[in-house]
Amino acid sequence: MEDELRKAVRIMQDSGAEFCDARYQESRTLSIMVSNHELRNMSNGRLAGIGLRARIGGSWGFAASASIDRKSIEEMARKAVRAAKAGDCPGTPIPEQPARTGSFRAKARIPPASVPTEEKLAMVKDLDEAQKISDKIANTNAIYAESLRTTVLTNSFGSSLRWEDGRIRLIANTVAADAGRMEAYRESIAGTRGMELLQKYDLAEVGVRTAKEAIVQLGAVKPPSGMVTCITDPEITGLLAHEVMGHASEGDEIVKRRSFLTDQVGKVVANEQITMVDDGTLEGGYGSITFDDEGTPSSRTVIIEDGVYRGYMHDLETGAEMGVPSTGNGRAQDFGRRMWVRMTNTFFEAGDWTLEEMVEDVKFGILTDKFINGMEDPVGGGFEAKAHRGFLIENGKVTKPLRAITLTGKALDILKTTDAVGKKVSHDAGSCGKGTEDYVPVSSGGPYCRSKIIAGGD
Amino acid sequence: MDIIEMARRALETAVREGATQAEAFAVDSVTRSVYVDDDRIKIVEEKEDQGLAVRVLKGRKLAQASSACASVEDAEACARTAASLADRSPSSRTYDRFPSPAKAVLAAAPRDKRIEHLDVGELVELVKSTVGAATDRGVKVPRGVLRAASTTTTVMNTNDLEVTNLGTLVFAGYDAMAPGASPGEGVGNLNSPWLKDYDPVRMGGDIARQALQAREAKALEGSIKAPVMIAPGELGEMLSYSAAFALSAESVNKKRSPWAAKLGESVASAAIDIVDDPSDPRGALSAAYDDEGVPTTVKKVVENGVLRTFLYDSYNSSVAAMPPSGNGMRRGTHDALFMFQNSLACRPVNLVLKPGRRGPEEIIASMDEGVVVEKFAFPTVNPYTGAFALETRLAHVVRRGSIEGQIKHALIVGNMYEGLKNVVEIANDSRTVGDMILPSVAFNGFEAVGSK
């Protein structure tokens, strides 16, 4: 395959590409879902093909196909260059870089593919079964997913790389119902490790806990509205890191001056307790990558350090535009989709508070628990996060469970009110789109943080 | 070898591997896209795609494998994988047969011949028109995409079923930005089977207007308890999370649809009529067959506010002992790429909410007080309860029949299932949004909560 890709690169160069790369990717996935004790999905997926990029000026031509014969690849190479010539974008040339070579395996002690499917199915069935703890449980769901993606990349710098990215994920989701009311709860375990990750957990206990929390939610009350003291849990803290500060720190948004964080390097943007990073090298992180999809090694980028804004994430192009190296954040959903500056594992670092210390200072407030979703707002710097649920805090004590809560406000206003940052960081896996498509695996996280945030819910 | 022949070879392989039934969903598509970055043409792309999803039944043991197919070996390997997984699957309680052949009752999928023969240069010119219409108003277009795809999907199975849907798809998505100390953002989306539905100048003008209005929008002080009218683009997403979820037999069979026990009962205001209409040529997924090869039909799902039926794919029809309604879907509305990867889902083909008589402007003129939401940050609804609290990125405040000004960052709080029972008026500005065609709707019972 490397020879075919190198030939494609040569054709693109000979046809006028100023920079070009050729990627072959093959992804294999296994998904198992059991719902209400019935198998609902047992599927294997294979996606394989070639994506070719050619850059002329600041415009890209892109061609992709599942066909991997030499003739098709050569025709695609010419097509990519023709397409690049149809663009009209000015751009800074991507500076020459040393060629990178090598072959790198996924970091899994027990590769998921080495474990019999029957064992995985038994695990999923057990997780589903464990959720049926009461007549109030209406619907149980257990989902297992594993993936292994192999990328072979060559480019006009002479790089020739082959590497693997492997992921694993297990989810329990319970729906409880009583007296005409329905509520749900979920737990998940995920990472770029092998089966050793799941073996650390008592999965029956995970199932029971999920179901118990779904039943607790049947008694939840409407959350308070307006500006409140809010202790965000690691998932919601992570959403603030990812959706607002993270997306707005993606180099393409900065080059376009679309981000509210443009020209903010060196300025105080948060309370001094706040440090935030994007770290593609995080051991086992769901968003961790060996190389980005342009063949740049992943790295740790400090975005906020002790409250001071430090910098941006880059791919080859935005790095060239801003005169800095790529941070290894050029990512694409697959070989058939566009490359963007994307996050990996984005999180706030630990402070020195315990959750108990944070709660005992609060007369009236809320404590969130898990996210449903959030939305980026790089232009306005707005934060919108939907928490799956929360708890009321009254006179220093956690009291009633709350239904879903939407949190909103300006991110910088929120971060300046953060007066307590927790000791323990945890991460949650997700899938991040840019706009409404181009999904890549990421994680976000942080510690419990106490801030003033506008809340609302029904 | 073409993908149809590969699908046949996959079925033969599955049977050799012990399948009692086998099904292949074969996709062949060509996608052309043009991306804008900062008012300029950034990426031009052409992508070809072919692949298979193979489902195998061994008795009642069901499994699936999918694969991109560059050769017949890929197709045969895909079938062997599905057959091997089926050996490991526990038996379904009810499902033992893929659909049988049946004659189509509706017209074939809408297919735009202009897209089949499209030159990517034509897309480039359309995008430039959109960008020009926005920049003429002093607004930047930081990013956008216009995509046109032609797709051929074929379903065949060992019951001698073989059907083909030929379709086309247009998707556009743009962000606009009005620069300034507090920039405003406009967002425009379109999906349709027809390229003629993409009016480049109107798209550019609309995102520019939104961006300029969003720049001037103020934070809401206090709250407003008055009718809230929601634009089709946002309402379509909200109903997809709520009504479409509740109508799916998958949700009903799993006992998590809030409408599970409400057949024949009122679930909405009498003004609400919802039809799943795969014959509507505006529908992005309209077709004569679903993605299991079952003929699609026009179904009144909510009639005068009364729930009439749920939507069934073949699996959920076996669980509920009902005939399948042609709602086993794999195809998507935004992108034709790698559709063979999509799991089969029990969902609408094309939900159509019957429009009212008056335009949004006339409805606004008759409001004493109200809020018109044009853009939410992310319009999701809790599917089990219907609850939502959504941040507005652009909304209009109405007083005494006129738009008084724009607000942003307010929360609209309410419950969509309750909202459907409290419809004030349905407008006549229907448009296609994902797998729905719907107009703006004004609701009672929602509240706008200010950020100050």
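In this predicted model, strand β3 of chain A (residues 59–65) pairs with strand β2 of chain B in the parallel sense over five bridges, where strands, like helices, are DSSP runs numbered from the N terminus (E, at least two residues, for strands; H or I, at least four, for helices) and two strands are taken to pair if DSSP finds at least two bridges between them. Within this pairing, A:A63 stands opposite B:E46 of β2(B). In the interface as a whole, 67 residues of chain B are in contact with 64 residues of chain A, contact being defined by C-beta atoms, placed from the backbone, that lie within 7 Å. Strand β2 of chain B (residues 40–58) gives the most to the side of chain B that touches chain A, with twelve residues. That side divides into 29 nonpolar, 20 polar and 18 charged residues, with Ala, Val, Leu, Ile, Met, Phe, Trp, Tyr, Cys and Pro counted as nonpolar, Asp, Glu, Lys and Arg as charged, and the others, Gly among them, as polar.

Residues are numbered from 1 along each chain as its sequence is written, and chains are lettered from A and ligands numbered from 1 in the order in which they are written. Because the model is predicted, local features need pLDDT of at least 70 and side-chain atom pairs count only at pLDDT 80 or more, whereas totals for chains, interfaces and linings use all residues. The model scores ipTM 0.93 and pTM 0.94; the mean pLDDT of chain B (the predictor's confidence in each residue, from 0 to 100) is 96, and 100% of its residues reach 70 or more.

Chain B is assigned domain 1 (3–216) and domain 2 (218–449), with bounds that come from an automatic or database domain assignment. The C-alpha centres of the two domains of chain B lie 22 Å apart, and their contact takes 44 residues from domain 1 and 41 residues from domain 2. On the side of domain 1 that touches domain 2, the elements of chain B that each supply at least two residues include β1 (21–37), β2 and α5 (200–216); the residues of this side divide into 24 nonpolar, 15 polar and five charged.

Chain B also holds an open sheet of six strands with mixed pairing, in the order β12-β11-β10-β15-β22-β21. Strands β12 (306–307) and β21 (431–433) of chain B stand at its edges, each with a single partner strand, so one side of each is left without a neighbour in the sheet. Strands β15 (residues 351–353) and β22 (residues 436–438) of chain B run parallel and are joined by two bridges, B:V352 having B:I437 as its bridge partner in β22(B).

Notes
Two residues are in contact if their C-beta atoms, placed from the backbone, lie within 7 Å.
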